[in-house]
Amino acid sequence: MNCKYCGEELENNTFSCPACGKKIDDEDPTECSSDETVFAQPDDDTVVSADDDNSQEEKETECTDQLPEPAHESAIESPETSEQDIIDAQAADGNDNSSVANKMMLSIVMLSAALLAIIGFLFVDKLASLKSEDSSATTIRIISQSENITIKTDTPTEFYVNAEGTNLTYQWYVKKSGDKMWHIWKNHDKSKTSSKSNKTWDGMQVYCMITDNNRTSLPSEIITVTIEK
């Protein structure tokens, strides 16, 4: 600002001119300080008019317009994230991932258990059904049969099995001493069969497999032959 009397350049908030010495406190400042706004106070005997009030409001408005706008929240720089915050965030992510994985694993285990339970139930039900069908289909009942015998060599020996059923067929099997497997006893396919003993019969075992028209089979008990010495 300049002195209105001599034109000397003055600093802001100066109340007297250092050049001419005149007071300039009655001059209204037109510039606003960056730190605070200073308005000239009227003397006690000065009458303030409505125009002066309007002028004062306009100046205050100008000063307010010149003030810098507050920075937007988004422009405020956030403090740097500490290393501990990063570790905590990573740990939280890891816990979330672990929780999801555990839930998926639990779901898979429960689903597998349910499937196994269903399969087991179906298997047991089918097995029970098969046993029931086999039982109802079996019409063979052995009433009597030959027992273990002790004979001499060259003795005619008879083996028999007495059974009940529908359209029964018979097949005798033999396993001599020292054999590991059973063999079909050829030409011995009746409920009663006979043959002459010999010394190879000692320790021999025989049994008869009975089959009905439903192809259900039932074996007789094993008969052991002993040759007298």
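1. A residue is called buried at under 20% relative accessible area, exposed at over 50%, and partly exposed in between, with a 1.4 Å probe and protein chains only. By this definition W172 is buried, because its relative accessibility is 0%.

2. The model is predicted: local features need pLDDT of at least 70, side-chain atom pairs count only at pLDDT 80 or more, and totals for chains, interfaces and linings use all residues. Residues are numbered from 1 along each chain as its sequence is written, and side-chain values use heavy atoms, with hydrogens and water left out.

3. The structure holds six aromatic pairs. Rings of Phe, Tyr and Trp (its six-membered ring) pair if their centres lie within 6.5 Å; planes under 30 degrees apart count as stacked, over 60 as edge-to-face and the rest as tilted. The pair of F159 and W172 is tilted, because the planes stand at 50 degrees, with the ring centres 6.3 Å apart. F159 belongs to strand β3 (residues 156–164) and W172 to strand β4, so this pair ties together parts 13 residues apart in sequence. Strands (E, at least two residues) and helices (H or I, at least four) are DSSP runs, numbered from the N terminus. F159 has 1% relative accessibility and therefore counts as buried. One aromatic cluster is formed by F159, W172, W185 and W201.

4. Strand β4 also contributes Y173, whose partner Y207 lies in strand β7 (residues 205–211), so that parts 34 residues apart in sequence are tied together. The pair of Y173 and Y207 is stacked, at 5.3 Å centre to centre and 10 degrees between the planes. Y173 counts as partly exposed because its relative accessibility is 21%, whereas Y207 is buried at 13%.

5. K175 lies in strand β4, which covers residues 169–175. Leaving aside residues up to four places away in sequence, K175 touches K180, M181, W182, G203, M204 and Q205, where contact means heavy atoms within 4.5 Å.

6. L115 is placed in helix α2 (residues 83–137). L115 counts as partly exposed because its relative accessibility is 48%.
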